[in-house]
Amino acid sequence: MHVDDTTDPGRDQDELTVEFDGQEFTVEENVDFDGDGANDTAVLQTSDGAVIAIADTDHDGVADVAVEYDEAGNPVAGAEYDPATGIWRAEDVDALPTPSGAGADDSGAPA
């Protein structure tokens, strides 16, 4: 995935909840990762310039996968959220589930 090539602000944008360090944030899904016409991933740029893609792969409305990309759009680090512990754990990018469908919109939770 080349994050700079897939962002389409004209597509339907959904809200995605991200839990981090005991706080809850809301971000907009702004990328259609699986190409089905519905945004399912939030791509963010951090204050230090890192690009991170965050997605809800189990469709419960809460982000559970995050992947960091380098300047060329190559994945360099991955993490998976464990809702039971509230902790993000480092994971091999290739082992992470991928976004599908309408992401958080598939959860049925109000946006």
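Setting aside neighbours within four places in sequence, Val62 is in contact (heavy atoms within 4.5 Å) with Leu16, Thr17, Glu19, Asp56 and Tyr81. The model is predicted: local features need pLDDT of at least 70 and side-chain atom pairs count only at pLDDT 80 or more, whereas totals for chains, interfaces and linings use all residues. Residues are numbered from 1 along each chain as its sequence is written, and side-chain values use heavy atoms, with hydrogens and water left out.

**Overall composition**

- The order of elements from the N terminus is α-β-β-β-β-β-β-β.
- Of the 111 residues, 37% count as buried; buried means under 20% relative accessible area, exposed means over 50%, and partly exposed lies in between (1.4 Å probe, protein chains only).
- Among contacts between residues at least 6 apart in sequence, 40% join residues at least 24 apart.

**Nonpolar cores**

- The largest nonpolar core has 11 residues: Leu16, Val18, Val27, Ala42, Ile54, Val62, Ala63, Ala66, Ala79, Tyr81 and Trp88.
- Strand 1 and strand 6 (75-82) are the elements that give two or more residues to this core.
- A second, separate core has eight residues, including Val43, Val51, Val67 and Leu96.
- A nonpolar core is a set of buried Ala, Val, Leu, Ile, Met, Phe, Trp, Tyr and Cys residues joined through side-chain atoms within 4.5 Å.

- Five strands form an open sheet in the order 3-4-5-6-7, with antiparallel pairing; two strands pair if DSSP finds at least two bridges between them.
- Strand 3 (41-45) and strand 7 (87-91) are the edge strands, each of which pairs on one side only.
- On average, neighbouring strands of this sheet are turned by 25° against each other, direction ignored; the axes are lines fitted to C-alpha atoms, and angles run from 0 to 180 degrees between N-to-C directions.
- Strand 4 (residues 51-55) pairs with strand 5 (residues 65-69) in the antiparallel sense over five bridges, and Ala53 stands opposite Val67 of strand 5.
- Strand 5 is also joined to strand 6 by five bridges, again in antiparallel fashion, and Glu68 stands opposite Ala77 in strand 6.
- Four of the five residues of strand 5 are buried, so this strand is mostly covered.

**Strand 1 and Thr17**

- Thr17 lies in strand 1 (residues 14-20) and counts as buried because its relative accessibility is 18%.
- Beyond its neighbours within four places in sequence, Thr17 is in contact with Glu24, Phe25, Gly61, Val62 and Ala63.

**Loops and positive phi values**

- Most residues other than glycine have a negative phi.
- Asp21, in the loop between strand 1 and strand 2 (23-29), has a positive phi near 50°; Asp21 counts as exposed because its relative accessibility is 67%.
- His59, in the loop between strand 4 and strand 5, has a positive phi near 60°; His59 counts as partly exposed, at 23% relative accessibility.
- The hairpin of strand 5 and strand 6 has five residues between the strands, and there Gly73 takes a positive phi near 85°.
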